[in-house]
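User: Take me through this model by question and answer. Keep it short, and give the cut-offs as you go.

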Amino acid sequence: MDNLKRSLAAAVVLAALALGGCKHDAAPSPDVWAVVNGQPISRAEVDKYYRSRISAQGQTTASPSQDEALSLTLSIVDELINDELLLQRAKQLGMQATDGEVEDKFTEVKSPFSEEQFQQQLKDHGVTVDDLKQDIRRQITLDQLMTREITSKVAPTDQDVTNFYDENRAQFNVAETQYRVAQIVVTPRKDPQIRNRKNDDATTDIEARRKCAALAQQLHNGADFANMAMDYSEDPVTAPSGGDLGFIPESSLNQSDPLLKKTVLALKAGETSDVIQLRDGYRILKLIAKESPGQRELSDPQVQQSIRDTLRTRKEQLLRAAYIAAARDQAKVTNYLARQVIESAGKLPEIPRITAAQVPAMPSQPQP
């Protein structure tokens, strides 16, 4: 009996020791969701990027469920951990953005607004000038680090291009006529998710018509279409890329608005249309290029550039992932939010359900 008692006591002690060994270090405070080499990542910082991400999805996106919100939050924490690792690496290499670079970018971000408009944007978004400059410094530093450590080391050779073409020859066989189209969109309604560089938004049909007439005149006088689209187009998807819709197959045009199809087919490469009115507003179109059916040969400069861009993007993504993985191996990282999610079976912490309509967009604010 004594032996049994001693065995049970030993088992209890061993279990207690085992449980104690499994315990994690507690978070420095409930508001710290991760720590990277001693540098905390706060809930407030995560919330800021969460709100920005929800805002960027637009008002047509339904409010996320609790599970979706928590999944997005976990993803943002992981991104911020990676960014912090890279920022620490940049500091070690002496590559932090200078005050001059930050001020130049800040001036660019602020330039489309009057001082009153800019201050209102900051107030609506719940950020200060210092917050914005901190984000700008962060993004410039990360871009410089990636350029030095990744982009500068990626240079597809002519043989790489040839090999890709030979292995994917069918990909360059155009089955039907395609039209590369760019657009400037103007709508007769207020859009809180406007993304053009001038933050220019028509709110009535009269304003929309006047705006289109002014844009058409500037284009007629020789203004660059891509720059005009970036400055004034009210389509948040295509405005940042100069209105470029890419190549559209003729079969897709057949399924579009008849007036849009008629306008595209009437244009020659390089030509710009008059203003046309569709159900969702007004548009000005430019036909950048037209491709007839047939095999595109490797000698085609557009084919070569397309292949180089594809190879460069693939390699950069691969090297960036490897670079971050190596940085994590050498770092001490603790994700307290992830621990809470596991320990609570995905029920904690409570993540607020925020809709895009609740969150005003900050113009040209760097994303994590």
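User: What relative accessible area makes N199 partly exposed?

Analyst: Buried means under 20% relative accessible area, exposed means over 50%, and partly exposed is in between (1.4 Å probe, protein chains only). N199 counts as partly exposed because its relative accessible area is 28%.

User: What pLDDT do side-chain atom pairs need in order to count?

Analyst: Residues are numbered from 1 along each chain as its sequence is written, and side-chain values use heavy atoms, without hydrogens or water. The model is predicted: totals for chains, interfaces and linings use all residues, local features need pLDDT of at least 70, and side-chain atom pairs count only at pLDDT 80 or more.

User: Where does N199 lie, and what phi does it have?

Analyst: N199 lies in the loop between strand 4 and helix 8. Helices (H or I, at least four residues) and strands (E, at least two) are DSSP runs, numbered from the N terminus. Most residues other than glycine have a negative phi. N199 is not a glycine, yet its phi is positive, at about 55°.

User: What is the phi of N37?

Analyst: N37 sits in the loop between strand 1 and strand 2. With 41% relative accessibility, N37 is partly exposed. N37 is not a glycine either, and its positive phi is about 50°.

User: How many helices and strands does the protein chain have?

Analyst: The protein chain has 368 residues, and 37% of them count as buried. Contact means heavy atoms within 4.5 Å. Among contacts between residues at least 6 apart in sequence, 74% join residues at least 24 apart. The secondary structure comes to 13 helices and nine strands.

User: In what order do the strands of the four-stranded sheet run?

Analyst: Strands of a sheet pair through backbone hydrogen bonds, either parallel or antiparallel. Two strands pair if DSSP finds at least two bridges between them. Here four strands form an open, antiparallel sheet in the order 5-4-7-6. Strand 5 (244-249) and strand 6 (276-278) have a single partner each, so they are the edges.

User: How many bridges join strand 4 and strand 7?

Analyst: Q178 lies in strand 4 (residues 178-186), and Y179 stands opposite K290 in strand 7. Strand 7 spans residues 281-291. The two strands pair in the antiparallel sense, and the bridges number nine.

User: What relative accessible area does Q178 have?

Analyst: Leaving out residues up to four places away in sequence, Q178 touches F247, I248, P249, A289, K290 and E291. Q178 counts as buried, because its relative accessible area is 19%.

User: At what angle do helix 3 and helix 12 pack?

Analyst: Axes are lines fitted to C-alpha atoms, for helices over the stretch in contact, and angles run from 0 to 180 degrees between N-to-C directions. Angles under 35 degrees are roughly parallel, over 145 roughly antiparallel, 65 to 115 roughly perpendicular, and the rest oblique. Helix 3 (residues 66-92) and helix 12 (residues 301-329) have axes 10 Å apart and an angle of about 80°.

User: Which residues of helix 6 does helix 3 meet?

Analyst: Helix 3 packs against helix 6 (residues 129-149) at about 70°, and the two are therefore roughly perpendicular. From helix 3 come L80, D83, L86, L87, R89 and A90. In helix 6 they meet R138, T141, L142, L145 and M146.
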